[in-house]
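Happy to go through this one with you.

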Amino acid sequence: MFNSLSDRLTATFKNLRGKGRLSEADVDATVREIRRALLDADVAVPVVREFTGRIRERSLGAEVSGALNPSQQIVKIVNEELVEILGGETRRIRLAKTGPTIIMLAGLQGAGKTTLAGKLAKWLKAQGHSPVLVAADLQRPNAVTQLQIVGERAGVPVYAPHPGTTVDLDVPAGDPVAVARGGVDEARQKLHDVVIVDTAGRLGVDAGMMDQARRIRQAIIPNEVLFVIDSMIGQDAVNTAMAFDEGVNFTGIVLSKLDGDARGGAALSVASVTGKPVMFASTGESLDDFELFHPDRMASRILD
Ligand code: GDP
């Protein structure tokens with residue numbers, strides 16, 4: 001087990017109390033500890049480099065005030081920077097001014113999109129919205145059925161291109177773009193105020209999948225495109241996030257499987273390289289394991 005960053009810094013600073021300004025050597029010793037803590041939390045290497053560079057710069061210029069000892073002062077700087085990268089304030093869904101709010105989900109297969117679709121629908125319904133789910137993931141054999149099960153549990157309709165579904169869309173069954181568009185049209189006609197569109201992922205970033213996601217985005221013009229990423233993904237987080245950002249220009253990030261051992265490095269990596277805010281956290285397999293993302297809480301988790 002690792003000690004928390006605060007403990008490590010306190011140890012580094014044991015002999016420094018009372019100094020008015022931190023020397024370059026003091027700061028470098030601290031920055032080494034911060035680098036180690038971030039790598040332990042599985043933050044991507046280039047992100048760690050950039051982040052520690054900024055901490056070094058700010059710490060060198062910092063006056064050690066009476067109220068805080070040097071280690072507290074630097075932890076405060078690190079915390080502020082982490083919160084800033086993670087999106088600052090918790091970012092809410094941007095609701096459409098007229099017509100339904102369209103939310104598209106994108107991400108690798110297994111990231112947790114279908115599960116999230118149900119969680120989001122249930123959460124929105126509890127707030128008085130009337131959401132529907134659209135099954136535009138036609139890649140994975142069971143994806144449509146899985147979304148229907150999730151929809152049933154959440155108590156929301158599912159629009160899908162198969163007979164026997166809650167609402168059988170009259171569109172070509174093999175065409176995810178037509179399904180997405182048809183689902184949004186149907187929701188509009190039935191006066192639903194939120195449409196959540198589940199899309200296909202692959203195990204790795206794939207040109208065909210990205211092209212499909214891009215075409216769906218163009219067809220439905222969503223208010224939000226949420227990129228769902230498994231928080232256990234580790235060092236692959238950066239490449240995956242950049243590929244999806246380039247492909248579908250997502251508007252927010254959802255971290256899934258935050259109930260596992262991950263210390264949240266993926267959150268920092270993805271938010272840092274894309275500049276997009278983390279909006280939600282998915283914390284288990286039940287539909288209620290879902291929360292608004294709080295940058296300050298995640299900063300503490302990364303530093304712990
Ligand atoms: P998709 O391929 O992106 O649609 O991913 P799924 O929603 O099918 O999720 C893949 C697997 O991860 C399923 O077994 C889910 O039950 C599980 N899962 C999804 N979200 C979470 C989460 O927040 N925590 C945990 N522990 N498991 C999750």
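Q: What makes the place of E186 a helix position?
A: E186 falls in helix α7, residues 176–189. Helices here are DSSP runs of H or I with at least four residues, numbered from the N terminus. This is a predicted model, in which local features need pLDDT of at least 70 and side-chain atom pairs count only at pLDDT 80 or more, while totals for chains, interfaces and linings use all residues. Residues are numbered from 1 along each chain as its sequence is written, and side-chain values use heavy atoms, with hydrogens and water left out.

Q: Why is the link between the side chains of E186 and K190 called a polar contact?
A: The term asks for a pair of N or O atoms within 3.5 Å; within protein, one must be able to donate a hydrogen and the other to accept it, and residues adjacent in sequence count only if both atoms are side-chain atoms. The side chains of E186 and K190 are joined at 2.4 Å, so the contact qualifies.

Q: How do you know that the ligand sits in the largest pocket?
A: A molecule sits in a pocket if more than half of its atoms lie within 2 Å of the pocket's grid points. The ligand is assigned to the largest pocket, so it passes that test.

Q: What makes T114 one of the residues that come nearest the ligand?
A: A residue is near a molecule if one of its heavy atoms lies within 4 Å of it. A polar side-chain atom of T114 lies 2.7 Å from an oxygen atom of the ligand, and T114 is listed with G110, T115, D259 and E285 as coming nearest among the 17 residues around the ligand. The backbone takes part too: polar backbone atoms lie 2.7 Å from a ligand oxygen at G110 and 3.0 Å at G284.

Q: Which helix gives the most to the shell around the ligand?
A: That is helix α5, residues 113–126, with four residues.

Q: What makes nine residues of the shell around the ligand polar?
A: Ala, Val, Leu, Ile, Met, Phe, Trp, Tyr, Cys and Pro count as nonpolar, Asp, Glu, Lys and Arg as charged, and the others, Gly among them, as polar. Sorted this way, the shell has two nonpolar, nine polar and six charged residues.

Conventions. 1 Å grid on protein atoms, 1.4 Å probe; cavity = no way out; pocket = protein on both sides within 12 Å on 5 of 7 lines; lining within 4 Å. Helix = DSSP H or I, 4+ residues; strand = E, 2+ residues; numbered from the N terminus.
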